[in-house]
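Work through the exercises below with the structure open beside the text. Each task is followed by a solution in steps.

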Amino acid sequence: MDVLDLARLQFAATGSLHFLFVVLTLGLAPLVAIMHTRWAWSGRPLHERMTRFWGQLYVINYALGIVTGLVMEFQFGLSWSGLTDYAGDVFGAPLAMETLVAFFLESTFLGLWIFGWGKLPKWAHLACIWLVTATAYASAFFIMVANSFLQNPAGAVLSGGRLELTDFGALLTNKALIFSFPHVLGAGLFTGAMVLVGASAYQLRRRTVEVEFFTRSLRMGVLAASIGIFLTLSFGYMQFVGVPEGKFDGDTAAIPLSIMMEGGNLLALVVLFFMLPLIAVLPRWRWTHPILIALTPVPFAMAIVGWLARELGRQPWMIWEKLTVADALSPGLTAGMVTASLVGFVAVLGMLAIVDYVLIARLIKRGPDDLDLGAAAEQRAPALSS
Amino acid sequence: MELIWYAVFAVLLAGYFALEGFDLGVGLLLPVLGRTGEDRDRMVAAVAPFVLANEVWLVAVAGTLVGAYPLLEGEVLFGLYPLVVGMLLAWVVRDAGLWFRRRIDGPVWRRFWDLMITAGSLGLSFGWGVALYAAATGFASSPLHPLGLLLGVVVTLLFAFHGWTFLAWRAPGFAGATRPGRALLGTGLLAALPAIAVLAGGMGHLLDHSAPTATLSVLSLMVLPFAPIMLGAQVWTWRTFRPGKAANRIPSFF
């Protein structure tokens, strides 16, 4: 492999790893926020335990989202400085918005939510998780703005060999963006909901004593999955309005595209015509649980395949019909440099990803007893009442 | 306009050193002051509520670099390629240590991740000294220049001192001392000094390489209205987790 292939492989590997965790973050954030809202409203211990259990799953997953994201952010400057040299004045703006505003706030509010348990007033604590959700969505929005600019460079003109920003509004109303952004949010919601469904099915299958806890979680998952897959599919098909001619002509992009579409259609059939109508009896019908468990990883795979279709379809362009991927490579980058960093990043992040999934699986297996999230507040409460 | 964005960049980078400096410092001190597992738990619990709000300053620095200085972004990151890769891996390992250390009970598991926190903190602190020296010399010097390595040691020691002061402020008596908030502010400034010096020296170069006015206007319009909210969120963190009897209470999530 030459240096270009290696740099592309590095971006694909770290990017896919990043999105595996991000897609779940995007889906679980609003679901945990809804659980927290019901807890704040009702004060019921059941809702509190749901918030803590699914919240802990959410934050364990979040850890890998952060660390893989750090590598993504710096990779542009490491491997693809040709992109910022040519289009940084345009492409840099949404990336700056994402890191400087959206992620900055998301991280700060998440810290307040995790460590403010029992410290913050009830409604202020609730506000934190909604702010985390809103800023996570904002992060996704600006990343999609940046990516959509690569797909369809709107709002910029060539001046002196570099692209210059002329119309920021055009960047935000890019035809490659307006349907892909809700498509991504829908896919996130669907993925998060299917994790609720699969994990609850696992516990119910094992005849858990937490019947009410996992029955409610499973039903919430089915409902959210139905909304999620509906949004994903609708906005998925609408995207074809804005796809440039010939983008999916080659096999490399057409194959992932058709896998995603066929898989998505099939999933929609299962969710809307099997799971949703049976929502009342699914928690009791134990024979369905192995199917529900087996479905859990499928949305993750679909999400990665979807990105492969979108990104491979753009080849050989980094910026559609403006800048090739080869020209975007950092000048002077050698195969040795990329190989060394590729091995380092993939080995470390890959290992951490495995550890993270083991921790998530362990949490699901152990159920909602003895949770870390909110444990400090738990110890404080008896002291106050005595 | 260029001056505003220079100020934003400078405040973010200096702020990162002053804030994340004590997180890294406490990470460095884990094997020194945290002889028992419970001591290490208390040290991590003391910094835990601040880490997420602190490390994100560097994410914002990188965002400003790509948004306001797109031409410098490649120059800086590519110019320091092996160092940036190493520091990124150190950052990743440090974060993983924090997130993972309490997820499984057992002394071996926790000791391993505590070691990762220290190793990551060391890599980042030392790396910053080397990186600042390289930036000050326009990336012309060898990354192994003795002065760069010396600055790496200096930054590491400054961060460790800052971390010690933080512990003495937030968990009075734990490290054998109690320090007021003013002392923490002082060591914060001290920790940021190397970054401030390089920023001051590089002012002209940064201003010359600013993005065009159209880009900076858009950035200003989009970012500056949120500045009070960002500042407010940071102040909220500091007010919520100021020192008290239970400042290093365990169990903490990290």
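Helices here are DSSP runs of H or I with at least four residues, and strands are runs of E with at least two. The model is predicted.

**Exercise 1. Describe the fold of chain B: how many helices and strands does chain B have, and what radius of gyration?**

Step 1. Count the elements: chain B has 10 helices and zero strands. Along the sequence this gives the pattern α-α-α-α-α-α-α-α-α-α.

Step 2. Check the overall dimensions. The C-alpha trace of chain B spans about 55 × 40 × 35 Å along its principal axes. A compact globule of 254 residues would have a radius of gyration near 18 Å, and the 19 Å of chain B agrees with that.

Step 3. Look at the packing. In chain B, 58% of the 254 residues count as buried. Of the contacts in chain B with a separation of 6 or more, 79% are between residues 24 or more positions apart.

**Exercise 2. Describe the interface of chain B and chain A: how many residues are in contact, and which residues form the salt bridge?**

Step 1. Count the residues: 62 of chain B are in contact with 71 of chain A.

Step 2. Take the area. About 6,000 Å² is buried between the two chains, and carbon and sulfur atoms give 80% of this. B:Tyr81, B:Trp236 and B:Phe253 supply 12% of the area that chain B buries against chain A, more than any other three residues.

Step 3. List the polar features. The rule finds one salt bridge across the interface. The side chains of A:Asp372 and B:Arg103 meet in a salt bridge, with 2.9 Å from N to O. Five residue pairs across the interface are found in polar contact.

Step 4. Assign the chain B side to elements. Several helices of chain B each supply at least two residues to the side that touches chain A, including helix H1 (2-33), helix H4 (81-100) and helix H10 (227-240). H2(B) gives the most, with 14 residues. By type, the residues of this side divide into 47 nonpolar, nine polar and six charged.

**Exercise 3. Is A:Ser330 buried or exposed, and which residues does A:Ser330 touch?**

Step 1. Locate the residue: A:Ser330 is in the loop between helix H11 (325-328) and helix H12 (335-366) of chain A.

Step 2. Apply the cut-off. Buried means under 20% relative accessible area. A:Ser330 has 3%, so A:Ser330 is buried.

Step 3. List the contacts. Leaving out residues up to four places away in sequence, A:Ser330 touches A:Gly77, A:Leu78, A:Ser79, A:Trp80, A:Ser81, A:Gly82 and, from chain B, B:Phe78. A polar atom of the A:Ser330 side chain lies 3.3 Å from the backbone nitrogen of A:Trp80.

**Exercise 4. Classify A:His289 and A:Ile279 as buried, partly exposed or exposed.**

Step 1. Start with A:His289, which lies in helix H9 (residues 289-295) of chain A. Its relative accessibility is 0%, so A:His289 counts as buried. Beyond four places in sequence, A:His289 touches A:Ala201, A:Leu204, A:Arg205, A:Leu282 and A:Pro283.

Step 2. Turn to A:Ile279, in the loop between helix H8 (251-275) and H9 of chain A. The relative accessible area of A:Ile279 is 21%, so A:Ile279 is partly exposed.

Step 3. Apart from neighbours within four places in sequence, A:Ile279 is in contact with A:Arg219, A:Val222 and A:Leu223. From A:Ala12, A:Ile279 is 267 residues apart in sequence and 38 Å apart in space, C-alpha to C-alpha.

Technical notes
Residues are numbered from 1 along each chain as its sequence is written. Chains are lettered from A and ligands numbered from 1 in the order in which they are written. This is a predicted model: local features need pLDDT of at least 70, side-chain atom pairs count only at pLDDT 80 or more; totals for chains, interfaces and linings use all residues. Side-chain values use heavy atoms; hydrogens and water are left out. Buried means under 20% relative accessible area, exposed over 50%, partly exposed in between (1.4 Å probe, protein chains only). A polar contact is a pair of N or O atoms within 3.5 Å; within protein, one must be able to donate a hydrogen and the other to accept it, and residues adjacent in sequence count only if both atoms are side-chain atoms. Contact means heavy atoms within 4.5 Å. Buried area is the accessible area (1.4 Å probe) that two parts lose on being put together, summed over both. A salt bridge is a side-chain nitrogen of Lys or Arg within 4 Å of a carboxyl oxygen of Asp or Glu. Ala, Val, Leu, Ile, Met, Phe, Trp, Tyr, Cys and Pro count as nonpolar, Asp, Glu, Lys and Arg as charged, and the others, Gly among them, as polar. The radius of gyration is taken over C-alpha atoms; the globule rule is 2.2 Å times the number of residues to the power 0.38.
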